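Visitor: I would like to go through this model by its surface, its pocket and its backbone. Please show it first.

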Amino acid sequence: MKSLYLLIDFFTVIVPFLFSFHPKLNFYTLFKSFFPANGLVAIIFISWDVTFTKMGIWGFNPDYVTGIYFFNLPIEEVLFFICIPYACVFTYHCLMLFFKPDWPVKIENTFILLLSIFLLITGIRFYNHLYTSTTFISLATLLLLLKFGVKVNWLGKLLSIYPILLVPFFIVNGILTGTGLENPVVWYNNDENLNFRLLTIPVEDIFYGFELIVLNIFFFEYLKLKQNKTLSFVEGK
């Protein structure tokens, strides 16, 4: 039982990692883009995690972790911010190779605007629930900045793919929040969230996970573009 969280991390990442070297996928060639991008985002989310753990907004069951801690977080929780984004960005990369789930620009802009307004209103309305307010307001701000400030062209694609990513998300996060277990691996203080759960998963986790993936893909796409420009320059193209 002590190794449960570590095993979840391992089995989340092992198949995507092995398939990264498949000649039709070649995700390994993008390691120079992924790992720096992931490192930047991991610093942000680990800092967030450390803060909320100290505040008692969530915590970790010692029965399911190995006992190795990093800034008061189980090492498994730190690895979560590497393994989950790796699996998700790998899946995004694969689907982008074979599918082009483009949205009409007006529909994409309208959807992101309405989603952001909903998140902002909900976050402000429940300002006294820190997990809800922090997640919803920060995600809304990020989406508005990326879409209408930076003007990235992949948000619609990610919105099409995210429902696919939610399938393994419900399996992994379901176990972490207690599905099939006597006690959850990760517990939540329900005074700091809406106390609305999908099975055992707080609804906020869906938006928290989306924000984690959006930031990873933003930096990944940015560094990948720089990597491609460097390769083109070296090859004289």
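Visitor: Which residues make the nonpolar surface patch of about 570 Å²?

Guide: This is a predicted model, numbered from 1 along each chain as its sequence is written, and local features need pLDDT of at least 70, side-chain atom pairs count only at pLDDT 80 or more, and totals for chains, interfaces and linings use all residues. Side-chain values use heavy atoms, with hydrogens and water left out. A patch takes residues with over 30% relative accessible area and no salt bridge, joining nonpolar side chains (Val, Leu, Ile, Met, Phe, Trp, Tyr) within 5 Å and like charges within 9 Å; a salt bridge is a side-chain nitrogen of Lys or Arg within 4 Å of a carboxyl oxygen of Asp or Glu. The patch is made by Val 15, Phe 17, Leu 18, Phe 19, Phe 21 and Tyr 28.

Visitor: Is Phe 17 buried, partly exposed or exposed?

Guide: Phe 17 sits in helix α1, residues 4-19; helices (H or I, at least four residues) and strands (E, at least two) are DSSP runs numbered from the N terminus. Buried means under 20% relative accessible area, exposed over 50%, and partly exposed in between, with a 1.4 Å probe and protein chains only. Because its relative accessibility is 35%, Phe 17 counts as partly exposed.

Visitor: Which residues does Thr 135 contact, leaving aside its neighbours within four places in sequence?

Guide: Thr 135 lies in helix α5, residues 130-150. Its relative accessible area is 0%, so Thr 135 is buried. With contact meaning heavy atoms within 4.5 Å, the partners are Trp 48, Leu 130, Glu 204, Phe 207, Tyr 208 and Glu 211.

Visitor: Which element gives the largest share of the lining of the largest pocket?

Guide: A pocket is an open set of points on a 1 Å grid over the protein atoms alone, where a 1.4 Å probe fits, with protein on both sides within 12 Å along at least five of seven lines; lining residues have an atom within 4 Å of a point. The largest pocket is lined by 32 residues, with Phe 80, Ile 84, Cys 88, Phe 169 and Val 172 nearest its centre. Elements giving two or more residues to this lining include α3 (75-98), α6 (155-176) and α7 (204-234). The largest share, nine residues, comes from α6.

Visitor: What is the relative accessibility of Phe 71?

Guide: Phe 71 is in the loop between β2 (69-70) and β3 (73-74). Although not a glycine, Phe 71 has a positive phi of about 50°. Phe 71 counts as exposed because its relative accessibility is 61%.

Conventions
Accessible areas come from the Shrake-Rupley method with a 1.4 Å probe; for residues, only the protein chains shown count as cover.
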